[in-house]
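This briefing goes through a single structure, topic by topic. Please keep the sequence and the 3D view open while reading.

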Amino acid sequence: MMPFSFAYTRIILIFVVVISSTAQANNELTKCQLSKQSPMLMNELLPSMKDKHFRQLGSAKFSVLFWDIYQSTLLTTDGQPPFSNRCQRALFEIQYLRDISKEELLENTISQWRHLALNESDYIEFVPLLDGIWPDIKAGDQLSMLSQAGTTVFYLNRQSIGAIDSAGFAKLFLSIWLDENTSEPKLRQQLLGEKI
């Protein structure tokens, strides 16, 4: 009789823990959905919105030999690395210091995914979507990527230019800079605010 009672008590305890965890996750999701911060619904990425809702993790300049290519900045709503929790929003901004064509952007993106040894099937569906969103870039242009709850919105000079609805795309895209096997480890450290 005693072993049965103990087992029954354990089952009830596990059930209570599971229910509690599920309720907490649902509560967190509801908070995300009811949040008054809704920058993804905006057609324009206002500086005031960025200053009010985001905290900068780090910033880094990418150069090749003597040529500066871009200055990048990584921000999140909670000051933690991207994808730390489901309510978090991540904002990645690239200020270009030279002209770069849409074809170069796409080729460089694919090249970096290959460098990370990703399967082509992990990213190939996004290539035509990016081709339809990204324009040719001029020196001085700012390309921004805002990620939240399965949607990624791209902005050019703070104006929305397109979105990708995918729970995994933002992480895949930012892996170019943030994956431990990135081709630019110093850039990664600087973007995450780590000391070099």
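This is a predicted model: local features need pLDDT of at least 70, side-chain atom pairs count only at pLDDT 80 or more; totals for chains, interfaces and linings use all residues.

Phe62 and Tyr70 are both buried.

**Aromatic pairs**

- Across the whole structure, a search finds 11 aromatic pairs.
- The ring centres of Phe62 and Tyr70 are 5.2 Å apart and the ring planes meet at 35 degrees, so this pair is tilted. Planes under 30 degrees apart would count as stacked, and planes over 60 as edge-to-face.
- One aromatic cluster is formed by Phe92, Phe126, Trp134, Phe154, Phe169, Phe173 and Trp177.

**Thr76**

- Thr76 belongs to strand β2, which covers residues 67-76.
- The relative accessible area of Thr76 is 0%, so the residue is buried. The cut-off for buried is under 20%.
- With residues up to four places away in sequence left out, Thr76 touches His53, Phe54, Arg55, Leu57, Pro81, Pro82, Gln88, Arg89 and Ala90.

**Ile110**

- Ile110 sits in helix α3, residues 102-115.
- Its relative accessible area is 17%, so Ile110 also counts as buried.
- Tyr123 and Val127 are in contact with Ile110, when neighbours within four places in sequence are set aside.
- Val127 is 17 residues from Ile110 along the chain, and the C-alpha atoms of the two are separated by 8.1 Å.

**The sheet**

- Six strands make up an open sheet in the order β1-β2-β3-β4-β5-β6, and their pairing is antiparallel.
- The edges are strand β1 (55-64) and strand β6 (159-165), each of which pairs on one side only.
- On average, neighbouring strands of this sheet are turned by 15 degrees against each other, with direction ignored.
- In general, strands of a sheet pair through backbone hydrogen bonds, in either a parallel or an antiparallel way.
- Strand β4 (residues 142-148) pairs with strand β5 (residues 151-156) over six bridges, in the antiparallel sense.
- Within this pairing, Ser147 stands opposite Thr152 of β5.

Technical notes
Residues are numbered from 1 along each chain as its sequence is written. Side-chain values use heavy atoms; hydrogens and water are left out. Rings of Phe, Tyr and Trp (its six-membered ring) pair if their centres lie within 6.5 Å; planes under 30 degrees apart count as stacked, over 60 as edge-to-face and the rest as tilted. Buried means under 20% relative accessible area, exposed over 50%, partly exposed in between (1.4 Å probe, protein chains only). Helices (H or I, at least four residues) and strands (E, at least two) are DSSP runs, numbered from the N terminus. Contact means heavy atoms within 4.5 Å. Two strands pair if DSSP finds at least two bridges between them. Axes are lines fitted to C-alpha atoms, for helices over the stretch in contact, and angles run from 0 to 180 degrees between N-to-C directions.
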